Amino acid sequence: SGVFVERPQSATATKGKDITFVAKVDSSNMAKKPTMKWVKGKWLDLGSKAGKHVQFKEVYDRNTKVLVDGDAGGYRCEVTAKDKSDSCTFEVSVEGGSSCHGAACERGRRALCVALAAWRLLPCERTPGRGLSPKKQKVVEEVEVDVFVILKDAKPCDYERIAFEYGITDLRGLLKRLKKMKKVEPKKSDAFLRKLDAAYSVDKGKKIHLSVEVADPNIPVRWLKNGQEIKPSAKYVFESVGNKRTLTINKCNQSDDAAYECVVGEEKSFTEVFVKEPPVTITKPLDDAHTVAGQKVEFEVEVSEEGANVKWMKDGVELNKETAGSRYRFKKDGKRHILIVNEATKDDIGTYHALTNGGESKAELEVEDKELEVLQSIADLTVKAAEQAVFKCEVSDENATGKWLKDGVEVQPSDRVKITHFGRTHKLMIDDVAPSDAGDYSFVPDGYALSLSAKLNFLEIKIAYVPREDPPKIHLDASGRGSDNTITVVAGNKLSLDVEITGEPAPTVCWRKGNQVSEKEGDVKGSSMTGVSLILGEGRVRVESNKSLSSFIIEGAERGDEGLYSISVTNPAGEDTAELTVKIVDVPNPPENVRCTSVGEYSGTITWDPPAFDGGVPIKGYLMERRKVGSPRWTKLNFDVHESTTYEAKRMIEGVLYEMRVFTVNGVGVSQPSATSQPFMPIAPTGEPTRLTVDDVTDTTCALKWRPPEKIGAGGIDGYIIEYCKEGSDQWAQANEEPVGKNQYRVKGLPLGERMLFRVTAVNIAGRSPPATLSQAVTIREVVGEQLLCVTELHLTRMIIVPAALYFYRLQGKPRPVATWSKDGVLLEDKTVGTRTSDVDAILFIRSAERTHSGKYTLSVRVEDTLDSADLHIQVVEKPGPPVAVRVADVWGTNAALEWKPPKDDGNCEIIGYTVQKADMKTKDWFTVVEHNRRPGCTVSDLVMGNEYLFRVFSENICGLSVVPGISENTAMDVNCPPKFTAPLMDRSVVAGYSTAISCAVRGCPKPKITWMKNNMIIGEDPKFMMQNNQGVLTLSIRKPGAFDGGKYSCRAVNDLGEDAVECKLEVHGTLNFLT
């Protein structure tokens, strides 16, 4: 919580002059003296800088604390107590001065003079026995004395006395500073030509350059922040040009406010960077507010930065969490700051200020009294002795309270006088009225300039009684109903309508529904209530009345109770009537005629009709449920209402019977479920029929044959539809009226000589399948003397793997064709190959296929002088032989290179790959290391150094792996050898600023030690370089090389048997320019 009464403000000082800052703290509620701390930047405690240039002065009087502080840069004042703490920040900037001479000017160039003093307490706060007595109430004035001038000329034995005399508590720090002042000449730096300035200042969000000049242009430098080394990044950019070394800090923020060092060898150069925050300005000012008493008011201001401190004031008095209490609340939302006034009153009227360190805004608040509307005023009453007098009024505010007065004196409740307040109605009831009760009565609401008055007249009958006659009046409360006095009741609920009735003598009450009458002594009869007798105080629909109130009650409202109702009251002085409409709303009826209109493979489409009765309110939508036939469990299909009367149910199982039901939803609730739909089954049409062929053709008919579809599904097949059309036309005619169940059909009545197309479609409960269509048109004419050769189950080239083969040709022609077989142009006489010919087909079969059966087979068909033929190519294949000449070509590290030659026997087909296995000579267990290798050679990795391995290779074709593998002629075993580079380093030329890499390859056993060098100097743990060794492949990556990274790079490999080295030259072109 805030404890500052006055905060130090940012200021500009003249170079070489003094500047004073004051901070006042309210310590009236603190048990003991608070601790105050002045900090420069982020971490420099000014308490350790006490001396001539930095002085503290403190006055503590239980109410305020004053400290005077100054220096160039950013500052922070911190106050801590036992249960409270607070801090504030301010900035000091320095401008050059014209009248600065001698030592004072030199001191001004180094830092601002800061007024300091040791802690001092007023005499009233000192501990008894120490310092001044309580009688001495005067504060000792400090005299501006240069303590260091006195200490220079004093003896060391007098230092402690002088420090005590001038109130210096940090004697050790004072002596250290005195020792430094005695040093006349600073030591000249050997490493720096120009060091960093003493301090730098930069605005938040800007960049800053810290530069030094070093004596040796090739010497490396290190940059430190608060003692931690800085790594190059996008924020911290290092630049080296000649003797100049520069650190650039981009987008400075408060975390960059720190101490920085530049280290060259053993020497260092120090500086401090101060980041200045811009003043917080108000971007959206406050707006004046005008409100009514009791309402909430919000003042909103928007500032330039998030997290800024905003001070709220009212009429010059600060508002905070401690002083505001529950009346005011403070809210922050990003850049928006909001002051909330809860239940504004007249006391909140005034001027409100929002202040930041860069601006302020103000607004006026006006509060008006809340107006109270009188809905029913009190009326004059004339009563007789022993009667009851009731004064009644109604106001707009239910929470308004008030007092009843008689002749200006507040009425107190008693056994005979009762005061009630229910909702907006206030009543004063006086039983057994006496003459003393007569007078002027008034009701005064609390907090409002309003008064309602009426007179009570006492009627005293002395000679003759003259009854008073007042015309009857119906006081129908229309609140909560529309202009047509419509009352909406949910079916099943109770309706109780209380109507206040006045009149003298007591009027007769008559309730009507249309032409139906219900009086006190009568019943309610009519078409909608036939047979229901409604006697006063009894029945579901009844009337209950007393002297001034008539209540019409319907218990458990039903749809038949809906209609227009009227009440009439009569007495000898007149009559009065009123009408109201009762509307009964209910849940709707369920939908009707729920049915399934179509099905898919996993879905079904359901439609229904809207309900006959919507419940008296609009229908919002529908809810659907489904279940499997025979299951008691219903599954909800939607949780949000579906507005349409058509719904597609998905994710169903094909071939399973389902049932559906639908619910109607309106504003009252959900209806009962509809009647269950007829069971339906999700079924998809079958696939198209297969292998549609022409079996026979005559002058007017065509016989077709086909096979069932490959995909039939749960719906099965009900039959087939055959269609035909002329070639070039799209007018298909159906040949059969009913689906045929067989897989053949003869189409009759076709025109002679026409070329016709045919198609066949499978039919089931889900509909028709895609059609199977003949690829070529058929000429409708009986074939005589001309053959037709159809290849139905024949590929022109067949590759035989299993030892059996059967080829089937479809023949057609009249007279019967003569078929002959030949192989490679020679009449087939091989007894291992069988043939068979019938009137309609020719078959070639080989019971046990061998490699010698490979070749081209020709089927020739002759009908008289007409000849036709078809060729069949047969290739018999088997597993290949093993690879030959398998050997270990090379071994290095954990790798072995294998080579082999293709097998002599490829199995009469192409070799598609090789499988390599290894076995440790100790265990002789074989493990597969490479599969489907395309080349006759490979490299096997992840071998265990020192172990001996044997390898074998299998050939592979479409029949599988060879039965016998090829075994390697030699084994793989590491052989000790000196290092040798198998791939040298290559000279490279790169562009400055773009990362690059150089690489080479080495082998040797045992594993050699690798050393990278630049210009014959070993490259150590430099973050600019990254060295990698991946199974003998050596890589040196150079991150963003500059001009100084060019030169001769070399790589040396050493083991116990020898060494080897390679080198290359790296040239770096261009210079990396830094934007400033």
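Trainee: What should I know before I start?

Mentor: Because this is a predicted model, local features need pLDDT of at least 70 and side-chain atom pairs count only at pLDDT 80 or more, while totals for chains, interfaces and linings use all residues. Residues are numbered from 1 along each chain as its sequence is written, and side-chain values use heavy atoms, with hydrogens and water left out.

Trainee: Which strands pair with β24?

Mentor: Strands are DSSP runs (E, at least two residues), numbered from the N terminus, and two of them pair if DSSP finds at least two bridges between them. Here β24 (residues 311-314) runs antiparallel to β28 (residues 350-356), joined by four bridges. With β25 (residues 317-319), β24 also pairs in the antiparallel sense, over three bridges.

Trainee: Which residues stand opposite Lys-311 and Trp-312?

Mentor: Look for Leu-355 in β28 across from Lys-311, and for Leu-319 in β25 across from Trp-312. The hairpin of β24 and β25 has two residues between the strands, and Asp-315 there takes a positive phi near 50°.

Trainee: How many salt bridges does a search of the whole structure find?

Mentor: A salt bridge is a side-chain nitrogen of Lys or Arg within 4 Å of a carboxyl oxygen of Asp or Glu. The search finds 39. One of them joins Arg-336 and Glu-300, whose closest N and O atoms are 3.0 Å apart. Arg-336 lies in strand β27 (residues 336-341) and Glu-300 in strand β23 (residues 297-303), so this pair ties together parts 36 residues apart in sequence.

Trainee: Where do Glu-625 and Lys-636 lie?

Mentor: Their side chains meet in a salt bridge (3.5 Å, N to O). Glu-625 is in strand β50 (residues 619-628) and Lys-636 in strand β51 (residues 635-636), eleven residues apart. Glu-625 is buried, with a relative accessible area of 8%, whereas Lys-636 is partly exposed at 47%.

Trainee: Which residues are linked in a network of salt bridges?

Mentor: Find Lys-494, Arg-542, Glu-544 and Glu-555 in the structure: salt bridges link these residues in a network.

Technical notes: Buried means under 20% relative accessible area, exposed over 50%, partly exposed in between (1.4 Å probe, protein chains only).
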